[in-house]
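Let's walk through this structure together, one region at a time. Keep the 3D view open as you read.

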Amino acid sequence: LVPAEAPLDSVTVTFEGVQAFVRTVRQKELGIGIDLSTASEGEVNVELGDRPIQGLPEHVRVVAVSPTSLRLTLDRVLRRKVPVEVATRGEVAAGHALRSITVEPDRVELVGPSVALRALDSVRTDPVDLTALREPAEFEVGLALKKGAISLAKPTPLLVKVQVEAVLEER
């Protein structure tokens with residue numbers, strides 16, 4: 001099972017203690033452990049306020065955690081192949097035309113919550129900038145995936161090939 005949506009990635013923790021110890025607290029070192037190994041598919045409510053904060057030095061006490069709880073929807077993991085669409089921005093140089101744009105591979109295998117993958121017909125690349133392009137070019141790009149919910153089943157480099165040609169004007 002996986003969260004159907006990207007879970008909350010931060011909480012606000014208020015703590016108190018001896019100033020010398022409080023100053024040593026580093027945000028990147030703090031965490032709240034959540035064990036979902038016994039959870040079942042569907043909605044799960046996790047209380048955060050009563051969980052220990054990992055990474056706090058001795059002599060520092062938690063006063064408050066906000067939010068106090070986290071609501072997750074757990075869903076079955078699904079694998080699915082979908083077509084890749086190339087996202088672009090900008091226009092090729094004046095006097096030139098875009099002849100073709102392709103991506104390799106043209107399909108990728110994604111993994112994620114079944115509810116999210118079933119609703120997905122295709123996936124877009126990160127935008128390829130065509131601004132002032134005058135000749136054929138290749139770009140290695142990533143996928144424009146929402147953080148956390150859906151990911152590539154295996155790392156796959158994507159190569160976008162752009163064919164541009166000069167446009168001849170007759171007078």
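In this predicted model, Ala-144 touches Arg-124, Thr-125 and Asp-126, once its neighbours within four places in sequence are set aside. You will find Ala-144 in the loop that links β14 (137-141) to β15 (151-152). Its relative accessibility is 45%, and because that value falls between the 20% and 50% cut-offs, Ala-144 counts as partly exposed. For a sense of scale, look across to Glu-16: its C-alpha atom is 41 Å from that of Ala-144, and the two residues are 128 places apart along the chain.

β15 pairs with β11 in the antiparallel sense, over two bridges. Here Leu-110 stands opposite Leu-152 of β15. Strand β11 (residues 107-113) also has β8 (residues 77-85) as an antiparallel partner, and seven bridges join these two. As for solvent, β11 is mostly covered, with five of its seven residues buried.

Finally, turn to the largest pocket, with a volume of about 450 Å³. Its lining is made up of 18 residues, and those nearest the centre are Asp-9, Ser-10, Val-11, Gly-31 and Ile-32. Which strands each supply at least two residues of this lining? They are β2 (12-17), β3 (31-32) and β7 (69-75).

Conventions
Residues numbered from 1 in each chain as written. Predicted model: local features only at pLDDT ≥ 70, side-chain atom pairs only at ≥ 80, totals over all residues. Heavy atoms only, no water. Helix = DSSP H or I, 4+ residues; strand = E, 2+ residues; numbered from the N terminus. Buried < 20%, exposed > 50% of the residue type's maximum accessible area, 1.4 Å probe, protein only. Contact = heavy atoms within 4.5 Å. Pairing = 2+ DSSP bridges. 1 Å grid on protein atoms, 1.4 Å probe; cavity = no way out; pocket = protein on both sides within 12 Å on 5 of 7 lines; lining within 4 Å. Points joined across faces, edges and corners; volume = space filled by probe spheres on them.
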